[in-house]
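Dear colleague,

Here is the structure I said I would pass on. My notes on it follow below.

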Amino acid sequence: MASSSSSDSGRNAGTLASRTSSALAAASLIPGLPDDVATVILCLLTFPDQSRLRATSRAWCLLLSAATLLPLRRSLRLPRRHLLCLFPTDPSLASPILLDPAAPTAWWPLPPLPCSPQLYGLANFAAIAVGRHLYVLGGSCFDARSYPLGQPSASAAVYRLDLANSRHCWERLPDMQLPRGSFACAHTPSAGGLLVAGGGSRHPMFPSNGSRTDSTEWYDATAQSWHVGASMPRDRAGCVGFLARGAGDGGEDEFWVMGGYDGYTTLGGVVPNDVYCRDAVALGLWSGKWRMIGDMWEEGERRRLGPIASVSADDGRITEVFMLDDNNVFRLLLSWCL
């Protein structure tokens, strides 16, 4: 069986390589090697190397283009390749960078967002990957001349970058209906859509000078439009979200929103202090209704939810959720995984 798959892959690679060569009337891809072998070698290049080596020749540029390379990798049954993208706190001042785990020492810078760092800075945005696309949504805009004392304003802007394009550039998409920063965001399984919930515009030094919302929106990538969803049970900003497949009743997919803050109090009647949420809520993607999940920790155990990372299986089901709390790592026990 393995031998048959290998021969089929070789024929596919050889066919595509021969088409590439004949189409360009060029010499062999790698001198001294058959084109089918050279094609497999080029398919195994890391992402940074692909980007650098496209300029080697017309044949390499064609072969290493997304339109050729992605179908070829599938025909060769090569494993899916995941990329890690790190965003700076302010993407208007520094570029996001990509890391291919196959080349852990090779970082590839992406273009910065089309902002104006001399006028304003962007923080508290949401970044999410959907297939070959990177999205950056919302955030809080600060006047660069008065940061961090100035009053921030929430942004509704949405940008998308297609990693499959040879020339990486950010594309402006339709704005969200409500400007927001520090909000929950997740990818929906249908039509490459997005879900956002909560958020607002939080001042880094004075919590009372911020806004909070309970609104929910979802983005239809096919129609390229935003639609209003059911509001959360209460205002919540600074929260995190993820898609939990089959977590609801009857195996319903749910959008989980955890943590955040819903108000503020004062210490000694003078110093403003956020009131953090200990509970989580979930939106059923079929029913369109929110349900309460309950508290995630006991009173006095910790002040707020730490950074969250969710781990999913091949079918997209969330299997584990981890939280960083100071120097400790905690795991959330998920009932549908027990």
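**Notes on the model**

Tyr159 lies in strand 9 (residues 158–162); helices (H or I, at least four residues) and strands (E, at least two) are DSSP runs, numbered from the N terminus. This is a predicted model, in which local features need pLDDT of at least 70 and side-chain atom pairs count only at pLDDT 80 or more, while totals for chains, interfaces and linings use all residues. Residues are numbered from 1 along each chain as its sequence is written, and side-chain values use heavy atoms, with hydrogens and water left out.

Tyr159 counts as buried because its relative accessibility is 9% (buried means under 20% relative accessible area, exposed over 50%, partly exposed in between, with a 1.4 Å probe and protein chains only). Leaving aside neighbours within four places in sequence, Tyr159 is in contact with Leu113, Pro114, Leu134, Tyr135, Val136, Trp170, Glu171 and Arg172 (contact means heavy atoms within 4.5 Å). Its C-alpha atom is separated by 9.0 Å from that of Gly138, 21 residues apart along the chain.

Strand 12 is joined to strand 11 (residues 184–187) by 4 bridges, and the two run antiparallel; two strands pair if DSSP finds at least two bridges between them. Strand 12 also pairs with strand 15 (residues 216–220) in the antiparallel sense, over 4 bridges. Leu194 stands opposite His187 and opposite Tyr219 in strand 15.

Elsewhere, an open sheet of 3 strands has the order 1-2-3 with antiparallel pairing. Its edge strands, strand 1 (84–86) and strand 3 (107–109), each pair on one side only. Strand 2 (residues 97–99) is joined to strand 3 by 3 bridges, and Leu98 has Trp108 in strand 3 as its bridge partner.

In helix 2 (residues 35–43), the buried residues are Asp35, Ala38, Thr39, Leu42 and Cys43. They are on the same side of helix 2 because they cover an arc of only 140° around the axis (the arc of the directions from the helix axis to the C-beta atoms).

Regards
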